[in-house]
Amino acid sequence: MEVAVSPLSSGLVQDTYSGELTIHAADLSSLVLGHVATVPVALAVIPTRDQSILDDGLAPPIVSDAWNRASQAAGEAAPGSNIVLWGSDLATERAFADPSENGSGAQPTVLLDTSVLITDSLGTDHLANVLLVQPDAASLVVPEGVSLGTAQLTVWRRRAASAPFSIEVAQVAPGLFSANLSGTGPAWGEVITMDARGDELSQPLANYQAPVGSRPAIPISLGAETDQVYLGMFGTGIRGWSQAAAATVGSLSVEVQQVSSYSPGLDWVVLGPLPRTLAGRGQVDVALIIDGRMSNIVTILIQ
């Protein structure tokens with residue numbers, strides 16, 4: 001049996017709304033309703049391009065580039081990945097999303113009147129979760145349900161829309177975050193040391209208390225001969241992997257122990273144990289190879 005649901009969007013502002021549809025089965029002899037299922041539903045209120053008008057005299061947004069937020073590679077996007085758009089008039093000022101404000105813990109789809117519409121290769125529209133906006137940039141999460149292939153991004157600010165900007169959405173677009181959010185240099189993560197008794201000790205890979213742009217790597221030790229040392233690092237565009245996950249540290253192959261979703265747009269990767277032959281090597285490169293696609297290179301410092 002098919003059930004058609006027709007939502008009423010009149011009076012709703014541009015945003016994504018969610019709720020639940022509860023289905024009951026009726027016992028016609030007793031008129032008692034029996035619960036069958038609860039189905040989550042979502043409604044995206046999206047203006048059409050012919051509704052785009054200049055609002056309050058503001059210039060329309062302009063998108064000039066799109067990068068993988070971790071690797072800084074142009075056009076690198078995957079479902080669930082964090083990308084950053086560059087351009088002009090993308091927002092009136094700088095603002096960060098606060099998931100606690102909507103009570104659900106989810107990132108908003110509208111921030112300071114700015115939203116990002118992604119029309120995927122099948123023509124389906126999706127509103128992206130917006131993490132940060134400022135006049136020349138917008139950081140967002142590509143929705144998990146976006147189909148692979150060429151997608152069109154449109155930035156809406158109130159009722160003014162940018163021209164569509166094309167990106168290629170692949171199953172994975174692996175990027176590793178650096179401590180300075182530059183795509184290179186000290187990795188963003190921690191070293192995890194497990195001793196012979198199974199006790200764990202975690203330490204940061206860089207000094208995250210220093211200002212972004214000047215965060216130095218913290219030297220790590222491979223410890224005693226009986227210790228096993230792992231790297232835990234943040235990345236994006238990795239969670240959709242399906243075939244193979246590999247890594248190199250200082251040109252040596254290292255096993256990928258874990259790939260998981262950490263938060264919207266943010267993935268967590270655990271590598272190791274690190275070969276003891278790396279001891280004393282100093283700065284070494286770290287890279288991921290996910291389903292045959294290589295990430296950017298970040299570094300760690302080994303005593």
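User: In this predicted model, how many bridges pair S17 with strand S20 (residues 266-271)?

Analyst: The model is predicted. S17 and S20 run in the antiparallel sense where they pair. The number of bridges between S17 and S20 is five.

User: Which residue in S17 stands opposite Met-194?

Analyst: Strand S15 (residues 189-194) also pairs with S17, in the antiparallel sense and over six bridges. Met-194 belongs to that S15 range. The S17 residue opposite Met-194 is Gln-228.

User: Over how many bridges do strand S14 (residues 175-176) and S17 pair?

Analyst: The pairing of S14 with S17 is antiparallel. Within it, Leu-176 stands opposite Gly-235 in S17. The bridges between S14 and S17 number two.

User: Why is strand S17 (residues 228-236) described as largely enclosed by the rest of the structure?

Analyst: A residue is buried when its relative accessible area is under 20%. S17 has nine residues, and the strand is largely enclosed because the number of them that are buried is eight.

User: How much space lies in the largest pocket?

Analyst: The largest pocket is lined by 23 residues, and those closest to its centre are Arg-69, Asn-82, Leu-131, Ser-139 and Leu-181. Strands S5 (82-88), S9 (129-134) and S10 (137-141) each give at least two residues to the lining. The space in this pocket is about 620 Å³.

User: How many residues in the lining of the largest pocket are nonpolar?

Analyst: Sorted by class, the lining holds two charged residues and eight polar ones. The nonpolar residues in the lining number 13.

Key: Residues numbered from 1 in each chain as written. Predicted model: local features only at pLDDT ≥ 70, side-chain atom pairs only at ≥ 80, totals over all residues. Heavy atoms only, no water. 1 Å grid on protein atoms, 1.4 Å probe; cavity = no way out; pocket = protein on both sides within 12 Å on 5 of 7 lines; lining within 4 Å. Points joined across faces, edges and corners; volume = space filled by probe spheres on them. Helix = DSSP H or I, 4+ residues; strand = E, 2+ residues; numbered from the N terminus. Nonpolar A, V, L, I, M, F, W, Y, C, P; charged D, E, K, R; others polar. Buried < 20%, exposed > 50% of the residue type's maximum accessible area, 1.4 Å probe, protein only. Pairing = 2+ DSSP bridges.
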